[in-house]
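Please look over the sequence and the model shown here.

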Amino acid sequence: FFWHGTSAERTAYGTPVWRLVKAMLEDPSCRALSSHLRHSVDWIGTLFDSPAIAAKTRFIPFGHALPPAIETRVARAQASRDGRNGCTFLFTNSWFQAEPSFVLRGGMEVLAAYGNLAKKRPDIRLILRTKLPISIFGEGFGDFVRGLPNVEIVDGKLDYHDFIDLFLRADAFLLPSCGLHTVSLIEAMATGAAVIAADAPAVDEFVIAGETGAMVEGRRKLSRYDEHGFLRQTFEPLKKEFDAEFAARLEATMDRVAGDRAYRRALGRAGFAHARANHAMGPWLDGFGRMLDDVRAGLR
């Protein structure tokens, strides 16, 4: 009913679907709710004007685990990053490779920032895990991207191991998106890549600026919570033209990460530790287990 990026001038509060969902969530047959975002837990009671819904909602941090065989390769990648020259950046599109998502995830700003930075730092590299938005911008756009120095385009199908390999080959992961992409963030951290993310809502639940990753300001302005706790967003500015001011800030951040090996290494290792300390699979499963135990106790 309310899609991301189309709600700037609308609110769910008081609408028929809002009343329907509120009734279902307040009903005694709805025993509990959970979210892996504190934002959602903090706002849900306000959004539905319901202390009852707030009381039955709990925060369970997202859990992630790499297969053991990949963990061995992660350790090797960590060591190799310390010794190789230059800096490899990775940008990924959505799993379904939707062409408009290239724009919404910040692909245009990545190209602008990288193109400028490559003139200053000829030893940097960029891996683009994306289908280029040729249907939007035309064949000339593809020629432009392929003409940038040291750019590798990966647009075919990948299995999970091949996908993780891209993270392991990268020194830094770029996520200058207008929205949160939890799995991408955690996978980048879990593989030891330094994260460069935009200040989209809830990203700060994972990225502590300057500690577990670098934060680029300029995306939060596209979103706000209204007085009812509804997230109002517009992605229209990104569909019309790339944000030159944001691209300049992204370039400056990429420049520091590329030029300061110690800083890049510190971000990667702190993110690596953060993912394992706060987003391990065990606590995630335990959180659901405790929630089910509480529900079961209430049924007796």
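The model is predicted: local features need pLDDT of at least 70, side-chain atom pairs count only at pLDDT 80 or more, and totals for chains, interfaces and linings use all residues. Residues are numbered from 1 along each chain as its sequence is written, and side-chain values use heavy atoms, with hydrogens and water left out.

The largest pocket holds about 1300 Å³ of space. A pocket is an open set of points on a 1 Å grid over the protein atoms alone, where a 1.4 Å probe fits, with protein on both sides within 12 Å along at least five of seven lines; lining residues have an atom within 4 Å of a point. Its lining has 46 residues, with Trp3, His4, Leu180, Gln233 and Phe235 nearest the centre. Helix 2 contributes the most, five residues; helices are DSSP runs of H or I with at least four residues, numbered from the N terminus. By class, this lining has 26 nonpolar, 16 polar and four charged residues (nonpolar: Ala, Val, Leu, Ile, Met, Phe, Trp, Tyr, Cys and Pro; charged: Asp, Glu, Lys and Arg; polar: the others, Gly among them).

The second largest pocket has a volume of about 160 Å³, the space filled by probe spheres set on grid points joined across faces, edges and corners. Its lining includes Pro100, Met108, Phe137 and Lys240. Eight of its lining residues are nonpolar, none polar and three charged.

His274 lies in helix 13, residues 261-278. His274 counts as buried because its relative accessibility is 12%, the limit being under 20% with a 1.4 Å probe and protein chains only. Beyond neighbours within four places in sequence, His274 contacts Met189, Glu205, Phe206, Thr212 and His279 (heavy atoms within 4.5 Å).

Notes:
Helix = DSSP H or I, 4+ residues; strand = E, 2+ residues; numbered from the N terminus. Buried < 20%, exposed > 50% of the residue type's maximum accessible area, 1.4 Å probe, protein only.
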